[in-house]
Amino acid sequence: MMVVLCILFLVIAAFAGHFLAGRAIIPIRQAFSRQREFVADASHELRTPLSVMLTSVDVIQTEEDQKLSPLSIQVLDDMKDEIRRMTKLVTDLLTLARADAGAVNIIKERFDLAIVAEQVLRSLQPLAATKGIELAIAGEAEIAVLADRERMKQLLLILIDNAVKYTPAGGRVGVLLKTAAAPKPCVTITVEDTGAGIPDDQRALIFERFYRIDKARSRQEGGTGLGLPIAKWIVDAHGGTIKVTSTFGEGSSFIVTLPV
Ligand code: ADP
C-alpha cells in the first residue's frame, strides 16, 4: 500500500512539475515570438522607403541640365552604395526572422543543379573579372536534385560571392558539383578559394549572425554578416550539412552535402 502511495505521489509531483515548468515557459516563448514578429515587420516596412530613396537619388543623377560638382556626384554614388547595403541588410534580416518563425515555405521541385550553378557563376563573373579572379565550375555536367530552386540559387550565390569577396586579386575560385551513391545517395557542392582563409577557432563562429572575422573588410565588400547564417538555414531546411575546411592565409573550402 505504502509503495503504491509513494508511486502515486511521485507521478503527481512529476506531472505538477511538468505542468508548472510548461506554464513558466509560455511567457518566454511569447516574448521571443513577439520579438521575431517585430524584426520581420520592421524589416518589411523599411524596404519601401529604401527603394523610394534609391529611385530619388537616380532621378537627381539622371536629371538633364543639372550642374553637379564632382563632390556632389561622389556623395550621391556613396549614398546609393549605402542604400543598397541597407536594403540587403533588411532583406537578410527579414529572411532570417521569417525562417525563425517557420514562415518560409521550402518548395521542392526536380531540376538540374548544374544549370543553376552556371547561372550564378555567370552573374558573378563580372565581379570576379574586376578583381582579377579566375572563377570556374567543374564536376558532373548534370546534377538532378529535388530541392527549392530559389533557395539553392541563394545558397550558391552566398558561398561563391563570399569566395570572390575574400580572395585577393589574382586568386582562384572553383565550384565542384558531384553526386555520391554511398553511404547514402547525396549531392556535394564544394566552393573552394585561394583567399584569406579562416582561423581554426573561428570556423564555427562564422555561421553565427553578424559574426565577421574582419568587420572592416566585410563592410568594405558590402557584407552584412548574415550570409552564412542564411546559407546554414537553407542547408538545414533541406536536411543537409555544411562544413568548412581552411588554412588561414591560403584559402577555404565550403562543402555542402544534400541528401538526394
Ligand atoms: P559577410 O556578409 O560579412 O560576408 P557572412 O555571414 O557571409 O557575412 O560571412 C561571415 C564571415 O565569414 C565573413 O565576414 C568573413 O569574415 C568570413 N568568411 C566567409 N566566407 C569566407 C571565405 N570564403 N574566405 C574567408 N573568410 C570568409
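Is H238 buried or exposed, and what is its relative accessibility?

Modeller: This is a predicted model, in which local features need pLDDT of at least 70 and side-chain atom pairs count only at pLDDT 80 or more, while totals for chains, interfaces and linings use all residues. Residues are numbered from 1 along each chain as its sequence is written, and side-chain values use heavy atoms, with hydrogens and water left out.

H238 counts as buried, at 8% relative accessibility. Buried means under 20% relative accessible area, exposed means over 50%, and partly exposed is in between, with a 1.4 Å probe and protein chains only. The residue sits in the loop between α6 and β6 (241–247); helices (H or I, at least four residues) and strands (E, at least two) are DSSP runs, numbered from the N terminus. Its side chain reaches the backbone oxygen of I234 at 2.9 Å. That is a polar contact, a pair of N or O atoms within 3.5 Å; within protein, one must be able to donate a hydrogen and the other to accept it, and residues adjacent in sequence count only if both atoms are side-chain atoms. Leaving aside residues up to four places away in sequence, H238 touches I106, K108, A147, D148, R151, M152, L258 and P259, where contact means heavy atoms within 4.5 Å.

Now the ligand. It is surrounded by 21 residues, the closest being N162, Y166, S218, T224 and L228; a residue is near a molecule if one of its heavy atoms lies within 4 Å of it. The shell divides into ten nonpolar, eight polar and three charged residues. Here Ala, Val, Leu, Ile, Met, Phe, Trp, Tyr, Cys and Pro count as nonpolar, Asp, Glu, Lys and Arg as charged, and the others, Gly among them, as polar. A polar side-chain atom of Y166 lies 2.7 Å from a ligand oxygen atom. A polar backbone atom of G225 is 2.9 Å from an oxygen atom of the ligand, and for a backbone N or O atom of G227 the distance to a ligand oxygen is 3.3 Å. Of the 530 Å² of accessible area that the ligand has on its own, the protein covers 97%, by the Shrake-Rupley method with a 1.4 Å probe; for residues, only the protein chains shown count as cover. The elements that give two or more residues to this shell are α4 (149–165), α6 (227–237) and β7 (251–259).

Strand β7 also holds F254, while F207 lies in the loop between β5 (186–193) and α5 (215–220), so their pair ties together parts that are 47 residues apart in sequence. The structure holds one aromatic pair. F207 and F254 are edge-to-face, at 6.5 Å centre to centre and 70° between the planes. Rings of Phe, Tyr and Trp (its six-membered ring) pair if their centres lie within 6.5 Å; planes under 30 degrees apart count as stacked, over 60 as edge-to-face and the rest as tilted. F207 is buried at 16% relative accessible area, and F254 is buried at 8%.

Y211 lies in the loop between β5 and α5 and is partly exposed at 28%. Beyond four places in sequence, Y211 touches Q202, L205, I206 and G225. Y211 and T224 are 13 residues apart in sequence and 9.1 Å apart in space, C-alpha to C-alpha.
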